Amino acid sequence: MLAELSIKQFAIIDELQIDFKKGMTVLTGETGAGKSIVLDAIGLLIGGRGSAEFVRYGEDRAELEGLFLIEDDHLVYGLAEEYGIDIEDGLIILRRDLFATGKSVCRVNNKLVTLTILREFGRVLVDMHGQHEHQHLMDSTYHQAILDDFAQEAIAPLLQAYQSGYQAYEEKRTALQSLAQSEQELAQRIDLLSFQTEEIEGAKLRAHEEDELLVERNRLANFEKLYASLKTAYDALHDEMRGIDSVGDAMRELQQASSIDEQFSQQSDAIASAFYGLEEVGYAIRDQLETLEFDSNRLDEIEQRLSVFQQLKRKYGATIEEVIAYGEKIRVELDTMTNRDERIERLKAEVEQLEGELFDIGGRLSQQRRKAAVQLSEAIHLELRELYMEKARFEIRFLQDGKTPMLRKNGIDQVEFFIMTNAGEPFKSLGKVASGGELSRIMLGLKSIFSRSVGVASIIFDEVDTGVSGRVAQAMAEKIYRLSVDGQVLCITHLPQVASMADQHLYIRKIEETDRTTTQVNVLSQSDRGNELGRMISGAHMTDLTLRHAEELMDQAKTMKESLKNGV
């Protein structure tokens, strides 16, 4: 369960710390007071999409932190082990900092994690129902995913195997379609690749050749300067100045001095080393002078070769290495096109084989879905009867475009939910016929069904009771409470019937302090709860009759809660 929530500098919230209890907690207050902002904070804390706009105006960052208490057998332990996160005493702390720059920093038990990892933890800790789930229920493209979630244990392995095969199938099919393009386009492509291949291969390129030629060109272009420098250096050592002879004289004198006094041996060795080194350098310079020659034809050859390189680089790559790599790539493509017929036949066989395998897996997947559809339909009928939709009939239909099933990303099925809300009326698509109140009841029924197997720490409802009243509101209140008996439910509501069932009642209101608006959360006492329920029943004008009605509602709720607990 979510035991504690800390919110700082978030939207219109300055600083809040809320302690939650096990069981059912309701959040009530005037429209615009900030009830949804609290749930938005929880949504971001468990990995929802963030934005710099959530940071309170004038602040650098918003801080969100939640403490969760978990049982020893909770799924989150496996997730923590996978990511190397320690859990002590059954405590999980999620933290997320949102910066005004748009950056977001996430932590789990004080360890930095990515937003994706935070979202994985959030998914097993909190099941959050918002208004977007109503939209999903109305959109038939999400119906198959709902069904798959219901029978996840049986469906997930088959679906994973199917999706893996489907990806390979699509890759092969795309390659086949590419090869089967029009003859004219293919011929033009072959001509282009043939020309490019011949041009690149004809140049007989070699890696690093350009660098070597640039060095050689620089040497030939500066031949006179190079020769003059070497000749002057050699003359300084051996000819007129005979510098090496002077070093030789110094060496011999120091050798004689060191034979008399050993303290000069170090200087003697140093100058001897210098003498022999200079002698070797002199011989090397002499050999280079004897072999050095200027070849104008070679300079022309280099310039022509470098010009070829420039032309190729303008067409095929920034460097010769990139040109070589491009040549190898188009050579493979040209070979594929040249041997097109053979490759087409091979791909056709591979596509047919994969297609057969996919229809086999897809057929078994469809069988599991159809079994699950019967079970889910029966479960939804039970839920709807408890929510005063006993005349409603719910069907999960498997649609097909033609006589032969089609391979799709998630199988061969097209699943859509249909409902008949009144006797004698035809079945119609759920999204086209259901009212807001009916959608709320169906969604709550689904949540009741899924909560038995999901095992999350907390379930959160954001106005799941929209569009209902009277005895339906009472039935929804009882069903929401039943979900909280062995866990925790947080619920925003405008219905007094739902609020009366709460184990903890939080009142949200806006106040102005030092010319700034902020949100406050107060835990209501028993007497304060009566006043708030009265306000929810009658609006702004409170009367004695309204207050008695509120107290009666709380008494009825108390009796109902005790019977529901005993019946669970």
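User: Why is Asn109 called partly exposed?

Analyst: This is a predicted model, so every value here is computed from predicted coordinates. Asn109 has 22% relative accessibility. Buried means under 20% and exposed means over 50%, with partly exposed in between. Asn109 therefore counts as partly exposed.

User: Where does Asn109 sit, and what is its phi?

Analyst: Asn109 is in the loop between strand 6 (104-108) and strand 7 (111-113). Its phi is near 45 degrees, a positive value in a residue other than glycine.

User: Is Lys204 buried or exposed, and how do you know?

Analyst: Lys204 stands at 67% relative accessibility. The cut-off for exposed is over 50%, so Lys204 counts as exposed. Lys204 belongs to the loop between helix 7 (183-202) and helix 8 (209-221). Its phi is also positive, about 50 degrees, although Lys204 is not a glycine.

User: What makes the Arg95 and Asp97 pair a polar contact?

Analyst: The side chains of Arg95 and Asp97 are joined at 3.2 Å. A polar contact needs N or O atoms within 3.5 Å, one able to donate a hydrogen and the other to accept it. The pair therefore counts as a polar contact. Arg95 is found in strand 5 (residues 91-99). Leaving out residues up to four places away in sequence, Arg95 touches Leu45, Glu63, Leu64, Glu65, Val105, Cys106 and Arg107.

User: Why are strand 9 and strand 11 called edge strands?

Analyst: The open sheet has three strands in the order 9-10-11, with antiparallel pairing. Strand 9 (393-399) and strand 11 (428-429) each have a single partner strand, so one side of each is left without a neighbour in the sheet.

User: How do you know that strand 9 and strand 10 pair?

Analyst: Pairing takes at least two bridges. Seven bridges join strand 9 to strand 10 (residues 414-420), and the two run antiparallel.

User: What makes strand 3 mostly covered, and which strands does it pair with?

Analyst: Six of the six residues in strand 3 (residues 23-28) are buried. Five bridges join strand 3 to strand 13 (residues 488-492), in parallel. Four bridges link strand 3 to strand 14 (residues 504-513), also in the parallel sense. Both counts meet the cut-off of at least two bridges. Thr25 stands opposite Leu490 in strand 13 and opposite Gln504 in strand 14.

User: Which residues touch the most other members of the largest nonpolar core?

Analyst: That core has 46 residues, and Ile7, Phe10, Val76, Ile92, Leu94, Phe121 and Leu125 touch the most other members. Helix 1 (residues 35-45) gives the largest share, seven residues. Another core, of 42 residues, lies apart, with Ile146, Leu159, Ile380 and Met443 among its members.

User: What does Phe121 contact, beyond its neighbours within four places in sequence?

Analyst: Phe121 is in contact with Val76, Leu79, Ala80, Tyr83, Ile85, Leu94 and Val108.

User: How does the radius of gyration of the protein chain stand against the globule rule?

Analyst: A compact globule of 568 residues would be near 24 Å, but the protein chain has 41 Å. Its C-alpha atoms fill a box of roughly 130 × 75 × 45 Å along the principal axes. Buried residues make up 43% of the chain.

How values were computed:
Residues are numbered from 1 along each chain as its sequence is written. This is a predicted model: local features need pLDDT of at least 70, side-chain atom pairs count only at pLDDT 80 or more; totals for chains, interfaces and linings use all residues. Side-chain values use heavy atoms; hydrogens and water are left out. A nonpolar core is a set of buried Ala, Val, Leu, Ile, Met, Phe, Trp, Tyr and Cys residues joined through side-chain atoms within 4.5 Å. Buried means under 20% relative accessible area, exposed over 50%, partly exposed in between (1.4 Å probe, protein chains only). Contact means heavy atoms within 4.5 Å. The radius of gyration is taken over C-alpha atoms; the globule rule is 2.2 Å times the number of residues to the power 0.38.
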